[in-house]
Amino acid sequence: MKKFAITAICAALILPALAGCAKKSVDYYDFVSEKRTEIYIYEDDTVNITVYCSEKEQPYSADGFPGEKCALAEIFVELAQNPTELCVQTCGYGGEMNYQSVNGNYYLSFTAEAFSSDGIDVELTADDKKTSYRALNVADGNIIDCKTALRCAAEYDKELFASLTDGENFKAEIYIRLLYDDGCYYYVGVCDRNSNLSSYLLDGEDGKVLTSKKTKLN
């Protein structure tokens, strides 16, 4: 009986130590430096409004090291006829938009958390003429979230993710962007510390990888 008691005590002391030494799996989501979670769109024959809600590394640097992220909203507007001045207001934010001649659209960004709504009201003031539009969230209940999209990409390219995993550390930064083109998709990018970028395009509903490619930055 005495021998059994001593053995039990030793086991009680050893097991917690072994548990502490157990290998922990890396959480790839901790290494995301950009994620776009929401897209709102309004479109007619004369106006196209797109609003992105994201969290992005600030300052941005594609160096393979994820930095602190900042919540960001971005608004893009295309018009059939461009005014001299265009201002925008939505959800209590706004200001004068900048015209981007290369893309042929107006742009404004500001710090704001995701709106988390089925739709948002966007007011445009073009040369003192105000018009309101209802931009709708492109994602419905069938669309996977960013974390699921990342998990699907990691499952698809296990060899790459394993090669960049060192204990609890992941030697790369990850980008996840919700996309919309007559349907929802996800872009997942993995940029390692040698400027190698692995990109994956996923179906927004089931997370199936539709295409992938490897490129070298810089």
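Me: How is Ala135 to be read, as buried or exposed?

Reply: A residue counts as buried under 20% relative accessible area, as exposed over 50%, and as partly exposed in between (1.4 Å probe, protein chains only). Ala135 has a relative accessible area of 0%, so Ala135 is buried. Please bear in mind that this is a predicted model, in which local features need pLDDT of at least 70, side-chain atom pairs count only at pLDDT 80 or more, and totals for chains, interfaces and linings use all residues. Residues are numbered from 1 along each chain as its sequence is written, and side-chain values use heavy atoms, with hydrogens and water left out.

Me: Where is Ala135 found, and which residues does Ala135 touch?

Reply: Strands (E, at least two residues) and helices (H or I, at least four) are DSSP runs, numbered from the N terminus. Ala135 is in strand S9. A contact means heavy atoms within 4.5 Å. If residues up to four places away in sequence are not counted, Ala135 touches Tyr40, Ile41, Tyr42, Gly119, Ile120 and Val122. Ala135 and Glu43 are 92 residues apart in sequence, while their C-alpha atoms are 8.2 Å apart in space.

Me: What share of the contacts in the chain joins residues 24 or more positions apart?

Reply: Among contacts with a separation of 6 or more, such pairs account for 53%. The chain has three helices and 15 strands, and 39% of its 218 residues count as buried.

Me: Which residues of helix H2 are buried?

Reply: In general, an α-helix has 3.6 residues a turn, so residues three or four places apart point the same way. In H2 (residues 146-156), the buried residues are Cys146, Thr148, Ala149, Leu150, Ala153 and Ala154. Their cover includes strand S1 (32-43), helix H3 (158-163), strand S12 (172-180), strand S13 (184-192) and S14.

Me: Which side chain has a polar contact with that of Ser199?

Reply: A polar contact is a pair of N or O atoms within 3.5 Å; within protein, one must be able to donate a hydrogen and the other to accept it, and residues adjacent in sequence count only if both atoms are side-chain atoms. The side chain of Ser199 is joined to that of Tyr187 by a polar contact of 3.1 Å. Ser199 belongs to strand S14 (residues 196-203) and counts as buried because its relative accessibility is 8%. Leaving aside neighbours within four places in sequence, Ser199 is in contact with Tyr187, Val188, Gly189, Thr211, Ser212 and Lys213.

Me: Which side chain is joined to that of Thr50 by a polar contact?

Reply: The partner is Asn48, at 3.5 Å. Thr50 lies in strand S2 and is buried, since its relative accessible area is 12%. Not counting residues up to four places away in sequence, Thr50 touches Ile39, Tyr40, Ile41, Glu74, Ile75 and Phe76.

Me: Let us turn to the backbone. Which peptide bond is cis, with omega near -5 degrees?

Reply: That peptide bond runs from Gln58 to Pro59. Pro59 is in the loop between strand S2 (47-57) and strand S3 (69-79).

Me: What is the phi of Asp127, and what is that of Ser195?

Reply: Asp127 is not a glycine, yet has a positive phi of about 50 degrees. Ser195 is not a glycine either, and has a positive phi of about 65 degrees. Asp127 is in the loop between S8 and S9, and counts as partly exposed because its relative accessible area is 40%. Ser195 is in the loop between S13 and S14, and counts as buried because its relative accessible area is 15%.

Me: What is the volume of the largest pocket?

Reply: On a 1 Å grid over the protein atoms alone, where a 1.4 Å probe fits, a pocket is an open set of points with protein on both sides within 12 Å along at least five of seven lines; lining residues have an atom within 4 Å of a point. A volume is the space filled by probe spheres set on the points, which are joined across faces, edges and corners. The largest pocket has a volume of about 260 Å³. Of its 14 lining residues, the closest to the centre are Val47, Leu79, Gln81, Ala126 and Tyr133. Strand S8 (119-126) and strand S9 (129-137) are the elements that give two or more residues to this lining.
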